[in-house]
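Please look through the sequence and the model below before reading on. The paragraphs that follow take up a few residues in turn and describe the surroundings of each.

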Amino acid sequence: FSFCNNFNHSVIIPESVTNTYNMFSNCHILNKPITISSNSTNIAWMFANCNIFNQNVILPTSPINMQGTFAHCYNFTYEVFIPVSVNDTSSMLAFANNWNHSIYIPENVLNTSNMFSNCKNLNSDVTGYINTKDTSYMFSDCIIFDKSVSIPDDVTNTAGMFMNAHNFRNYVAIPSKTTDMSYMFYGANNYNSRVTIPENVTNIAYMLSDAYNFNISLEIPNGVLNASGLFQNGYNFNSIVIIPDSVIDLSYALSNVNKFNKPLHIPNKLNNACAMFDGANNFNQYIDIPLSVMNVYAMFRGCNNFNYHVNVPYGVDNTSSMFENCYNFNQRVTIPETVTNAYRMFYYCNNMEEKVYLSNNITDASEMFYYANKFNKHVNIPKHAINLYGMFNGCHNYNATTYVWDEAIDCSEMFRDCYNLNQFVTIGCNVKYIENMFLNCNNFDQDLIIPDKVVSNLSNYFVTCTNLNSNIRSRSEERRVGKECRS
């Protein structure tokens with residue numbers, strides 16, 4: 001009867017039937033008594049997606065598989081007595097939104113993953129399951145669940161076990177055989193109990209992400225490889241974290257952890273530091289980035305108070321947004337020759353005044369110093385830069401000689417709002433786009449050679465250069481753009 005959307009009749013299944021797998025799945029309006037053969041051993045997904053089904057079901061004598069039996073039975077409210085023969089109850093009551101009973105899970109059950117996922121009204125005792133090996137996502141999205149839970153000794157996977165269990169706050173002892181704790185307390189908003197990570201664990205990615213109230217020191221054991229997103233959006237977290245050298249991924253680990261400002265050891269094997277402190281407004285500690293790091297995209301973005309010297313490792317190819325919105329950052333920076341993308345690297349670094357040494361291999365320097373208001377240091381434009389769009393846009397104090405090489409194509413808005421700019425600027429012969437390149441450069445009055453590939457009406461580009469009375473010429477002809485072009 002699977003996918004018989006309009007089926008709604010009582011059924012008596014003969015005793016000769018031993019397999020009722022998927023029998024009524026997706027019978028969306030079914031809500032009649034069903035008598036199951038006592039000899040059926042497989043009742044997996046039997047009533048899955050019977051959305052309004054709410055009947056008392058007498059289970060077979062010795063079933064083995066109850067995976068997803070009542071999954072997505074949104075209205076199902078009857079107590080379930082699991083026969084001792086069952087070995088799989090994964091997803092058994094997933095999305096049974098109204099279900100809330102105490103339940104004993106027999107010792108033969110080896111898999112309870114997703115068993116109560118999205119049981120939004122569940123807040124009763126769950127006991128037994130002493131031999132299960134997988135409790136991943138077992139109570140995920142059980143938003144009011146707050147009962148003591150004992151995890152059996154043989155469990156190896158607790159990933160997402162209490163994910164989005166908003167009300168859960170009880171201490172949980174993690175078995176020593178566990179290897180995966182990723183997303184375990186993700187979104188457990190009220191959780192603030194000690195977490196002891198066993199030595200066999202290798203993955204704690206997003207383990208405490210969105211656990212808004214968590215604020216207890218954490219020691220990560222040597223052997224953990226992935227700690228990406230570990231405390232992401234943990235708005236109240238400001239405790240000591242001990243990170244071993246085995247960790248290779250800390251991307252987004254402290255992203256949007258607004259209060260965090262503790263010394264932190266960076267592992268010497270770390271590979272990925274992408275957005276590690278993104279939005280950690282209060283963070284201001286020295287960070288020693290090891291040479292092993294390959295990804296520093298947006299590493300300190302939004303760290304409003306950050307102002308320590310940073311060594312960018314040789315080997316990194318993307319430093320885009322690395323210090324974006326670091327309003328107080330003002331340190332000398334050397335960008336290694338391996339970097340090709342520096343888009344928005346110092347975007348809105350309002351206090352940036354120190355020298356920056358650029359890699360000649362950078363191809364994208366667009367908006368690199370966007371509104372770095374105080375910046376006024378000579379910058380060697382990379383020889384291979386193609387995109388220089390808005391590179392110094394809003395650098396009010398910028399007033400340095402600038403040489404744009406022949407590989408450049410886009411210089412649009414490059415010096416927009418550089419009010420004090422009045423130094424010699426060369427524009428590479430292959431540049432095509434210079435729209436608003438000198439917009440609002442009120443003091444600019446220098447001769448310019450415009451590449452022949454720029455074919456637009458040049459007069460409009462210098463309207464706001466109120467002091468301009470110099471020669472603007474192309475390679476093929478000289479065009480004077482002075483006060484007469486602004487009439």
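Is Tyr183 buried, partly exposed or exposed? In this predicted model, Tyr183 has a relative accessible area of 27%, and it is therefore partly exposed. Tyr183 belongs to the loop that runs between strand 4 (126–128) and strand 5 (218–219), and its backbone has a positive phi of about 60 degrees although Tyr183 is not a glycine. Most residues other than glycine have a negative phi. A positive phi, of about 65 degrees, is also found at Asn233, again a residue that is not a glycine. Asn233 sits in the loop between strand 5 and strand 6, and with a relative accessibility of 14% it counts as buried.

The loop between strand 2 (34–35) and strand 3 (103–105) holds Ser40, a residue whose relative accessible area is 0%, so that it is buried. What surrounds Ser40, once its neighbours within four places in sequence are left aside? The residues in contact with Ser40 are then Val17, Thr18, Asn19, Thr20, Pro60, Ser62 and Pro63.

Apart from its neighbours within four places in sequence, Pro290 is in contact with Ile266, Pro267, Asn268, Leu270 and Pro313. Pro290 and Val312 are 22 residues apart along the chain, and their C-alpha atoms are separated by 8.8 Å. Cys274, for its part, is buried at a relative accessible area of 9%. Between the C-alpha atoms of Cys274 and Asn295 there are 5.4 Å in space, although these two residues are 21 residues apart in sequence. Asn295 is also one of the residues in contact with Cys274 when neighbours within four places in sequence are left aside, the others being Ser251, Tyr252 and Tyr297.

Cysteines raise a further point, namely how many disulfides a search of the whole structure finds. The search finds 0 disulfides. Cys73 illustrates this result, because the closest cysteine sulfur to its own is that of Cys50, at 5.4 Å, which is too far for a bond, given that a disulfide requires the two sulfur atoms to be within 2.5 Å. Cys73 counts as buried, with 0% relative accessibility, and Cys441 is buried as well, its relative accessible area being 0%.

The last stop is on the surface, where Ile386, Ile409 and Tyr433 form a nonpolar patch whose accessible area is about 240 Å² together.

Definitions and conventions. Residues numbered from 1 in each chain as written. Predicted model: local features only at pLDDT ≥ 70, side-chain atom pairs only at ≥ 80, totals over all residues. Heavy atoms only, no water. Contact = heavy atoms within 4.5 Å. Buried < 20%, exposed > 50% of the residue type's maximum accessible area, 1.4 Å probe, protein only. Patch = residues over 30% accessible without salt bridge, like charges linked within 9 Å, V, L, I, M, F, W, Y side chains within 5 Å. Areas by Shrake-Rupley, 256 points an atom, 1.4 Å probe, with all protein chains shown as cover. Salt bridge = Lys/Arg side-chain N within 4 Å of Asp/Glu carboxyl O. Helix = DSSP H or I, 4+ residues; strand = E, 2+ residues; numbered from the N terminus.
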